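Colleague: Could you take me through this model, giving the cut-offs as you go?

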Amino acid sequence: MKLPSSVAKKTADFWNRLISPSLLFITVMLCFPAYLFQENLQILAGEMLFFLLLALTKRGKIRILTGVFIILGVTFFSLFSPYGKVLFYISSFSVTQGALETGLHRGLSLTGMVFLSQLAVTPKLRLPGKVGAFMAQMFWYLEALGQEALALKKGRIFTVIDQRLYEVYWEEKEETGSSVVTETQKIFSLSGVVFSLLMLGILYFLLFYPIL
């Protein structure tokens with residue numbers, strides 16, 4: 001899914017004004033426990049869609065099919081370990097409520113983690129210390145490598161991979177270099193702190209006091 005270029009530019013500018021990359025990264029890391037320990041399937045699905053929306057508005061584009069395949073794949077294989085109430089039969093194969101809900105829960109959890117990671121990672125991310133700088137760069141490389149599908153061809157597999165690594169390397173150099181000049185926002189701005197506290201407050205409230 002991709003936003004129109006004019007809309008993507010406005011939403012990206014909004015995110016740049018709203019919260020600094022470093023505070024957003026910290027916020028997302030704190031969101032993971034509240035999301036992974038969420039047991040209510042409906043709330044989990046709603047949070048996953050919320051993360052998708054946030055990542056889409058921040059990045060301008062996102063690969064939704066990847067998430068769909070994760071959910072369908074994990075759910076499908078979970079059905080081969082049936083337990084709980086039998087919902088229906090497909091020939092002699094039984095689809096049980098327990099296996100279906102477990103598969104959906106795992107699939108939604110994994111997909112939400114992907115969207116959260118895409119929300120957190122940005123070329124402008126700056127973490128303190130050498131370890132922080134290394135982690136930020138590693139996250140960015142992993143995210144950039146997954147943005148485009150590699151056109152692998154027989155006899156050219158390593159050439160294609162090497163070319164993509166070379167492109168990602170120079171993309172990171174260009175984007176990081178320009179961000180050093182334009183980045184003037186403080187790590188802890190008022191809008192960033194409010195957004196961080198609001199997002200964390202909602203997730204942890206729904207974890208301990210589910211409304212559904």
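**Contacts and packing**

Modeller: Of the contacts in the protein with a separation of 6 or more, 72% are between residues 24 or more positions apart, contact meaning heavy atoms within 4.5 Å. This is a predicted model, in which local features need pLDDT of at least 70 and side-chain atom pairs count only at pLDDT 80 or more, while totals for chains, interfaces and linings use all residues. Residues are numbered from 1 along each chain as its sequence is written, and side-chain values use heavy atoms, with hydrogens and water left out.

Colleague: How is helix 2 oriented relative to helix 8, parallel or antiparallel?

Modeller: Helix 2 (residues 21–36) and helix 8 (residues 190–208) pack with their axes 10 Å apart and at an angle of about 5°, the axes being lines fitted to C-alpha atoms over the stretch in contact and the angles running from 0 to 180 degrees between N-to-C directions. Because angles under 35 degrees count as roughly parallel and those over 145 as roughly antiparallel, with 65 to 115 roughly perpendicular and the rest oblique, helix 2 is to helix 8 roughly parallel.

Colleague: Is T111 buried or exposed?

Modeller: T111 is found in helix 5 (residues 97–120), and its side chain reaches the backbone oxygen of G67 at 3.4 Å. Buried means under 20% relative accessible area, exposed over 50% and partly exposed in between, with a 1.4 Å probe and protein chains only. Since its relative accessibility is 1%, T111 counts as buried.

How values were computed. Helices (H or I, at least four residues) and strands (E, at least two) are DSSP runs, numbered from the N terminus. A polar contact is a pair of N or O atoms within 3.5 Å; within protein, one must be able to donate a hydrogen and the other to accept it, and residues adjacent in sequence count only if both atoms are side-chain atoms.
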